[in-house]
Amino acid sequence: MKEIFLIFIGAVLVNNFVLSYFLGICPFLGVSNRLESSLGMGMAVTFVMSLAAAITWLFYYLILVRFHIEFLEYVVFILVIASLVQIVEMFIKKYSPPLYQALGIYLPLITTNCAILGLALFMVLRQYNFVQSVIFGFATGLGFMLVLVAMAGIREEMDFSDIPAAFKGAPIVLITAGILALAFMGFSGLISG
Amino acid sequence: MSKKTIFLAGLWREHPNLRQLLGMCPTLAITTSVRNGFAMGTAVLFVLVFSSFMVALIKRLIPHQVRIAVYTIIIATFVTIADITLKAFFPQISRALGPYVPLIVVNCIILGRAEAFASRNSVGNSVLDALGMSLGFMWGLMAIGAVREILGRGTIFGFRLGIIHFRPWIIMLLPAGAFFALGFVVAFMNFLDRQRRFKT
């Protein structure tokens, strides 16, 4: 139980995917200009990540490891993730139109989100078991959402401030992200090791 | 379009990571030194050139609806080759780059060039475009690596610079420093562009 709690806190706060592993930077820069859209994106990513963690775990340990074809890892993971996103999109569209309205446009963007593949790779690297992997996926998604929403809040305020011309657009967002990363370093004492 | 314009586009005008902001994960993650930037740049060069070559070669055989999936498999194959080669012959570099080598699969530059260029142009031009883009990517990585290595360690390519009274800023080697360095480098590119526009 304690281990699962540590994985959770670690993935949300201490080793946040965006701010300490730089995974998922593209949507982080692209979708963080409005609070509402960042919430939608965050929820879609959390959902897909929890699911992807479970499915890639099953594929890796039940198929790749059993038949000793681990070298196909990358090819299999990327195919699994791409088809998973596609299936989730079709499923939601059919059975829950309101949810599709909320998450729909963000789903195709998730395939190219490196955080999902990163999640699968870290899961294998750290040898998590099934439950740990799912918790790890869910927590990583939550951590992504947390940073995305925080960033969107800051950017909405920044619209009203006077930014030097050369820093307009991406540079100021990157520097703000740097300051956020500094703030998140404060969590690093939370769990040791 | 002449061969020269195709090649030079990636090096400055359409610079992949500093102007189009593609391939951000490696740009931020592994640029703690110039050498790492060079190693990552070489891995991307290999994958990009070969996958652009393949895509340009078989572009007529790929059905339109499944093209993205096919490109992804081609890219993942070359990334696997690069990863296994690094692990076997350069274990030290492989350790330094860690999971960011397999993550080249989802590097938007490679899929972007396959979709935007290699699927519409001849094999020769596609390879040229891939070379220009990956060399541009490489110097981008090395530039940010240089900023972080000089400020964070006081060295360049591992050689001590020996600036008196300079204490390395550890922060530049930490994640926060990556964001600061990239932010300032991109801002500097914007600044140069603006200067040029005022002159003309």
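Rings of Phe, Tyr and Trp (the six-membered ring of Trp) are taken as a pair if their centres lie within 6.5 Å, and a pair is stacked with planes under 30 degrees apart, edge-to-face over 60 and tilted for the rest. The model is predicted, with local features needing pLDDT of at least 70 and side-chain atom pairs counting only at pLDDT 80 or more, while totals for chains, interfaces and linings use all residues. Residues are numbered from 1 along each chain as its sequence is written, chains are lettered from A and ligands numbered from 1 in the order in which they are written, and side-chain values use heavy atoms, with hydrogens and water left out.

Chain A is built with 10 helices and zero strands. Here helices (H or I, at least four residues) and strands (E, at least two) are DSSP runs, numbered from the N terminus. For the 193 residues of chain A, a compact globule would have a radius of gyration near 16 Å, and the 17 Å of chain A agrees with that. This radius is taken over C-alpha atoms, and the globule rule is 2.2 Å times the number of residues to the power 0.38. Along the principal axes, the C-alpha atoms of chain A fill a box of roughly 60 × 45 × 30 Å. Buried residues account for 52% of the 193 residues in chain A; buried means under 20% relative accessible area, exposed over 50%, and partly exposed in between (1.4 Å probe, protein chains only).

Read from the N terminus on, its elements go α-α-α-α-α-α-α-β-β-α. The radius of gyration of chain B is 18 Å, close to the 16 Å that the globule rule gives for 200 residues, so chain B is as compact as a globular protein of that length. Its C-alpha trace spans about 65 × 50 × 25 Å along the principal axes, and 50% of its 200 residues are buried. Among contacts (heavy atoms within 4.5 Å) in chain B between residues at least 6 apart in sequence, 75% join residues at least 24 apart; for chain A that share is 79%.

On to charges, where Lys and Arg count as positive and Asp and Glu as negative, leaving out His and the chain ends. With each charge placed at NZ of Lys, CZ of Arg, CG of Asp or CD of Glu, the mean positions of the 20 positive and 6 negative charges of chain B are 4 Å apart. In chain A, the mean positions of the 8 positive and 9 negative charges are 6 Å apart.

Back to the rings: over all chains, the structure holds 19 aromatic pairs. One of them joins Phe91(A) and Tyr95(A), a tilted pair at 4.9 Å centre to centre with 40° between the planes. Both residues sit in helix α5 (residues 73–95) of chain A, four residues apart, about one turn of the helix, and both are exposed. Trp12(B) and Trp139(B) make a stacked pair, 6.3 Å centre to centre with 10° between the planes. Trp12(B) belongs to helix α1 (residues 3–13) of chain B and Trp139(B) to helix α7 (residues 123–153), so this pair ties together parts 127 residues apart in sequence. Trp12(B) is partly exposed at 29% relative accessibility, and Trp139(B) is partly exposed at 31%.

Two buried residues are also worth a look. Thr46(A), in helix α4 (residues 35–64) of chain A, is buried with a relative accessible area of 9%. Leaving aside neighbours within four places in sequence, Thr46(A) is in contact with Phe138(A), Gly141(A), Leu142(A) and Met145(A). Asp83(B), in helix α4 (residues 67–89) of chain B, is buried at 4% relative accessibility. Not counting residues up to four places away in sequence, Asp83(B) touches Tyr74(A), Val101(B) and Pro102(B).

Finally, a word on the backbone. Most residues other than glycine have a negative phi. Phe157(B), not a glycine, has a positive phi near 55°, and lies in the loop between β1 (155–156) and β2 (159–160) of chain B.
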